[in-house]
Amino acid sequence: MEAITTSRRNFLRLVGLGVPAAAALAACSGSTPSQTGAGGGSGGGAKGAATYWFLTGQPQQGIREDTVNRFNAANPKTKIATTEFQNDAYKQKIKTAIGAGKAPTLIWGWGGGGLKSYVDAGQVVDLSGWFGQHGDIKNRIFPSAFGAATVDGKIYAMPCETVTPIVLYWNKKVFDSMGAQPPQSWGDILDLVPKFNAKGIAPFSLGGQSRWTNMMWLEFLYDRIGGAEVFQNVFDGQKNAWSQPASIQALTECQKLVKANGFVKGFSSITADSNADQALLYTGKAAMMLHGAWTYGSMKSDGGDFVTGGHLGYMNFPPVDGGKGDPSDTVGNPGQYLSISSKASAAEQEIAKKFLSTTLLDDTEIQKWIASGNVPVVKGTRSKLAAVSDKTDAAWLTFVYDTSSKAGNFAQSWDQALPPTAAETLLDNIAKLFQLSISPQQFADNMNKVIGT
Amino acid sequence: MATTVHTPSPVTAAPHQKEHAGLRRLLRLNWLGGAASWLWLAVVVVPLYWIVVTSFKEQSAYFTNNPFAPPTAPTLDNYKLVVESDFPRYFLNSMVVALGTTVPAVLIAFMASYAIVRGNGSRFLGGVSGLFLMGLAIPLQATVIPVYLIIIRMGLYDSLLAIILPSIAFAIPLSVLVLSNFVRDVPKELFESMRVDGASEWGMLWRLAFPLTRPALVTVSIFNGLTVWNGFLLPLILTQSPDKRTLPLGLWTFQGQYSVNVPAVLASVVLSTLPILVLYAIGRRQLLGGLTAGFSK
Amino acid sequence: MALPALGMFLMFGVVPLLGVLALSFAQWDGLGAIHAAGLSDWRSVLSDPGLPHALWVTFLVMFLSWAAQTPLALLIGVFLAGHQPYRAVLAVIYFVPLLLSSAAIAITYKALLDPNFGLGPGLHLGILTQDWLGKPALALGVVIFVVSWQFVPFHALIYQGGVMQIPAAMYEAAAIDGAGRVRQFFSITLPQLKYTIITSSTLMVVGSLTFFDLIFVLTAGGPGDATRVLALDMYKRGFQANLMGPASAIAVILVLVGLGLALLLRRIGGGASDSQLEGA
């Protein structure tokens, strides 16, 4: 008897507690309109309101929001609502959202293997036909950017935003103080290493804790030694592709550099996202750095007069003597990619397509990207880049444009190109390779096991 | 252990004896504990000092100066950035979630612990206790997807309630464990005497067990509150709109695609910690009062 | 009376757990449809050499963090229970690490451990300028240190409360009998704190099993897999490598291990319903 009365009382008590809690929550949910354009940006819930998720961080976030605002101003009845997330959080969030059928209409992403996993799950719309109809849009964009947007011969995403190849930076002041010349080949690099070490300067800065930073080295070595086909074979799922002679050679050369103390001491503890690796370069503690073009902006703002005073040197990765690769090849991010969710309603998809064809990458946006020190992924901007008022920036921007547009092959970062399962294994093994805890052969064996997964 | 012994030192002791009393007091001081505490103080303070100092630095000066040197050109820019970026809202959300989870969770866990301990070997309650024990080890990261699906089905997605409900559930096993131990310590005779006076189980719960287990209740509340306050995964998965974000997610504003604005992140950390710290400093007396009110013997 | 707790726990704890169990027999990449997969997930997980390693790392972290935190928390808690005037200030300062989120702590320590711009170079202490996050043993030590940094104050608080409940009469009696400080500690303080120790230890041990946020942001399991505890392994498999099936299998393993530990601790603590306090 006791039990029944107490449990009823418990229930009432719970309800009693619930009421004030619910009131508090209701007050909180009557929210102020979000800062991002259409009111009530609550994801895939609102009917007929297209949604768009992307990453935080300036200046990219501001430019994206600005583009959406202009679209909304021109299309007041069919607005797009945006939400932004931090990088790692976004990667998790987008997966759970897609998996639960709550994906945003416009899915921002890196293309490649990630895009393929969306395609395999039937979650993104095939845009090949749409691009066929809008040939003018397709032709505006760098052709090399479409590689990462294509799966099984069909296009599933529109390249957008900027193109950021990986660049070999060097500190002119440090080189001048040593009377050294920037390396013209891999052999030069190996020769320079002991010279800098003798002076207590790290030859190369490296944020090894982030792992993908190490990967950039392998990407170039593979290409320069064996050409773009080496990795292409891996990507195509060729059996034991990692054991190709060029592959083993590249891995060995890489470890040679590590063993020669080519990288700053303790590089496995340095993180890239805190910009500590860039700081090593601009404070003169390191002579050179292999990094993405996006670091130009942060080095410019954080490095004092390093960039503005013209002390930053840059070049494409030098060739390897005896290597088969085309020295004009480059690697990096050929663009960012926008896909349309196939689970969005027809109306929402139409809004998204209109966005892609009208406002995305229009002239205003292009101008903003240039002003922020980036090269947009559209053709024909070279003159605008050269016309930028700051001469140092103009030189940089035209360099990036030339490198990207003239590249024989523009390979996408491996961890984006490969399917997620293989990408994880790759990064793990790369970390071990750089710590010299596995041999090139073991690396190849481990990676061969996950080919095609 | 310093003193819980109140030996009155005789004021009229002869000088010779006084010397000895002083020496004895010196020897009575807890050297080991004291040393440990001071060492720990250094260990705790150094990173905290770094956090505060860096929050006043500009991002560009961040790497060029010694990390421990005070900023040559201290700036409030980081703090301004934080306050302008919706920080008060995130703080409020975190408070609502923390209170909304801790209060119900501790209360219902307390009721359950009471039932289990006083259950007189009922098989049902024994089973419940075992179930909670197993619940201690359920990893949040694994169950988060099914929880996500349940929340969507309940139509609660993207609300603070979505964070609160699973948090309550996850707080229960631990709270029940700790609270049962303490409820067990309440002398049976006290219950007997209250029963003789005609009190019901419910009455005994609130009038006897509740006051006597206060130390445990406080401890469990603090633990659960802090866990939820710093919780990241549930808010990430179960909410979406910026206005439902809690503080850990609020840090995102300063984390870009490629890099982190460290000074700004730290300014945000300082701002989110200060109010709670002040609360704690003030409420500490209450806390300790509660902790020692356990068993007046 | 136990029903509300039971209800909440069943709905948001047990039901999802059953869902996870079901997933461990399925093949799902988190994006598309779920396919039944029989025992293949279990087979791949159990034959993966990474699993024993992850288990080993998990136990190492668990045991070492317990061994590091408990004596420290005990000493500090006992000290704080005393009557020094400044202990109030100390206690407030000690409390701060608890209030910080894992992301904040990880960002702070990653910066402090930087071999070029961190603690070592800043204080000009060569011994602190190591490849902290790059060498496996050091990284493990770092993880344990940071965990302790965050949680020792909390356990010290628990012990402080426990010590304050010990009747002064016991110490007085012992002092009269001529027992010294150390003797008092081992003969009175420790035994009286038995339940407190069990509670604190249970919190530490089981907490460390599902401990994830801090390690994820600090080392992401690195270098290599030196700090890849089971929870991290599960997350990486599920959310980064898109293998939700095997990840769920690992989750089930985690729960079983945790259950075993909790039962063990309960056995040690004495499941009896008798109080241990004098006079009860």
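Helix 2 of chain B and helix 3 of chain C are roughly perpendicular to each other (an angle of 65 to 115 degrees). The model is predicted, so local features need pLDDT of at least 70 and side-chain atom pairs count only at pLDDT 80 or more, while totals for chains, interfaces and linings use all residues. Residues are numbered from 1 along each chain as its sequence is written, and chains are lettered from A in the order in which they are written.

**The helix pair**
- The axes of helix 2 (residues 31–55) of chain B and helix 3 (residues 50–80) of chain C come within 8 Å and cross at roughly 105°; axes are lines fitted to C-alpha atoms over the stretch in contact, with angles from 0 to 180 degrees between N-to-C directions.
- Helices are DSSP runs of H or I with at least four residues, and strands are runs of E with at least two, numbered from the N terminus.
- Among the residues that meet are B:Trp40 in helix 2 of chain B and C:Phe79 in helix 3 of chain C.

**The contact of chains B and C**
- Chain C contributes 90 residues and chain B 88 residues, where contact requires C-beta atoms, placed from the backbone, within 7 Å.

**Chain A**
- Chain A has 20 helices and 13 strands.
- Of its 453 residues, 52% count as buried, meaning that 20 or more other C-beta atoms lie within 10 Å of a residue's own.

Key: Contact = placed C-beta atoms within 7 Å. Buried ≥ 20, exposed ≤ 12 C-beta atoms within 10 Å, placed from the backbone. Parallel < 35°, antiparallel > 145°, perpendicular 65-115°, else oblique.
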